[in-house]
Every structure is written in C-alpha cells, then in structure tokens.
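Welcome, and thanks for opening the viewer. Let's take a short walk through this structure, one selection at a time.

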Amino acid sequence: MVGMAEYGGDELLIVTLAMGAAAFVLGRIHPALLVIPAIPFGIVVWFFRDPNRTGTDAPEIMLSPADGTVSDITELDETRFISGRAVRIGIFLSPFNVHVNRTPCDGTVMMVEHKSGEFLPAYNPEAPTRNESAALGLRLDNGLLIIVKQITGILARRIVCEAELGDRLTRGQRYGMIKFGSRTELYIPVQSCGEVLVKIGDKVVGGQTPLCAVKVAAVKAEEEDVVILNS
C-alpha cells in the first residue's frame with residue numbers, strides 16, 4: 001500500500017479520528033458495537049490500496065495507466081497536444097478498482113492541462129468532454145507524443161496529478177490518482193499506433209496490462225519549449 005499515505009493521507013486521518021471517537025462512544029455501550037466504526041475505516045483503507053506492479057519493458061508497448069475496464073476505443077481529432085488524429089482508449093474505474101494512475105511508458109512531461117467541469121458518471125459518453133479533468137502530455141525519446149488523461153466521475157471530486165512540467169517519468173511510475181470512481185484515457189497518434197491489444201470489456205491492470213503497440217521508429221518532432229496549458 002505504497003500510495004496510501006501519499007494520496008489518501010487526508011482522508012485516512014479524518015476517518016481515523018471520526019471512527020476513533022465513534023469507537024470510544026460505542027465501546028462504552030457494548031464491545032460488540034465496535035465493529036460498526038471498523039467497517040467504514042476498512043473501506044477507506046481498502047480504497048487507497050496501492051499494490052506494486054510490474055509490466056513489460058518492451059519500448060513499443062504502452063502499459064495501462066489504470067486498473068479498470070476498457071469502455072471504448074475511438075479514433076478522433078486531438079488538437080491540444082498531438083495536433084492530429086489519435087486513437088483514444090478509455091478505461092472505466094469503478095469504486096472497487098485500484099485508483100492510482102501510472103505512466104504507460106518512459107517520457108518527459110511537456111504538457112499539464114487542468115480543466116474544470118462537471119461530475120457526470122464516468123461511464124457517460126459525454127464525461128470525457130464535460131467533466132473535470134487533468135491531461136498529461138508526454139514526449140518519448142523518439143519524439144512520439146502521447147496523452148494520459150484523468151477524468152472525474154459522479155463520486156470522484158478530486159484529481160491528484162503530481163507530475164510537473166519537465167519531469168522525466170518512467171514506465172509504470174505512479175503519478176497521481178482520481179478519488180472515488182473515475183475514468184482514465186490514453187491517446188496515441190493514429191500514424192504511430194501499430195496495434196491495439198485490448199478490446200471493449202477487457203479488464204486491465206495499471207502498470208501491467210499492455211494496451212497497444214506503437215511504432216518505435218523515430219518520429220520527427222520539432223524541439224519546443226515546455227509549456228503549460230490551462231483552461
């Protein structure tokens with residue numbers, strides 16, 4: 001549970017204090033009532049679990065950035081960072097999934113975009129465009145540009161994205177989480193997406209399940225200053 005203190009410290013402290021007070025009161029009434037505050041405490045501890053994960057080191061493989069279920073695989077226009085057609089793989093995270101997000105590959109952070117919005121259910125088709133989100137643009141060593149996007153859901157009210165501009169992230173590295181039900185997306189340029197390795201309905205594991213294979217040949221890309229986009 002590596003990420004519990006890092007990403008769930010505030011919630012865990014609040015629940016611990018509240019459940020401690022409840023346990024004191026209920027314990028004085030009858031010892032058997034101590035099980036009542038233990039249940040919500042256990043739920044919070046379980047939600048913020050963060051198991052270690054290991055995936056392939058093959059540079060052409062993009063690992064899943066989150067645990068969950070593949071909800072859609074779509075080709076669309078991505079104008080903010082990739083500037084062209086992209087394949088989007090959407091992953092729905094239920095409250096029962098591990099919610100820590102991991103990077104799909106090695107790369108340098110070239111964009112951090114936070115967008116305010118609504119809190120539609122993460123499975124709603126309009127959630128990707130209308131909900132609050134945080135998008136991370138990465139540039140691989142070969143010049144390939146990809147995006148990992150965190151999107152809130154009806155229960156998720158806080159996105160944690162600790163990656164900063166210029167950071168060098170490694171494959172499978174933890175960089176944040178979305179708290180209490182959400183959606184995570186991976187965007188790959190169409191011309192660089194060799195093969196999608198999952199289908200809609202597949203269960204995936206963050207930092208472990210291969211989502212797609214990309215073409216590893218060098219991608220021509222102009223060197224540009226690191227910028228941050230906000231909206």
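Start by selecting strand 4 and strand 10, the latter covering residues 174-178. This is a predicted model, and in it the two strands pair in the antiparallel sense over three bridges. For a landmark, pick V100 and look across to strand 10: M177 stands opposite.

How many strands form the open sheet, and in what order? There are three, in the order 4-10-8, with antiparallel pairing. Strand 4 (100-102) and strand 8 (159-161) are the edge strands, and each of them pairs on one side only. Turn the view to follow the twist, which averages 25 degrees from one strand to the next. As background, the strands of a sheet pair through backbone hydrogen bonds, either parallel or antiparallel.

Next, the cysteines. How many disulfides does a search of the whole structure find? The search finds zero.

A disulfide needs the two sulfur atoms within 2.5 Å.

Are C105 and C193 buried or exposed? C105 counts as buried, because its relative accessibility is 1%. C193 has 13% relative accessibility and so counts as buried too.

Technical notes:
Residues are numbered from 1 along each chain as its sequence is written. This is a predicted model: local features need pLDDT of at least 70, side-chain atom pairs count only at pLDDT 80 or more; totals for chains, interfaces and linings use all residues. Side-chain values use heavy atoms; hydrogens and water are left out. Buried means under 20% relative accessible area, exposed over 50%, partly exposed in between (1.4 Å probe, protein chains only). Two strands pair if DSSP finds at least two bridges between them. Helices (H or I, at least four residues) and strands (E, at least two) are DSSP runs, numbered from the N terminus. Axes are lines fitted to C-alpha atoms, for helices over the stretch in contact, and angles run from 0 to 180 degrees between N-to-C directions.
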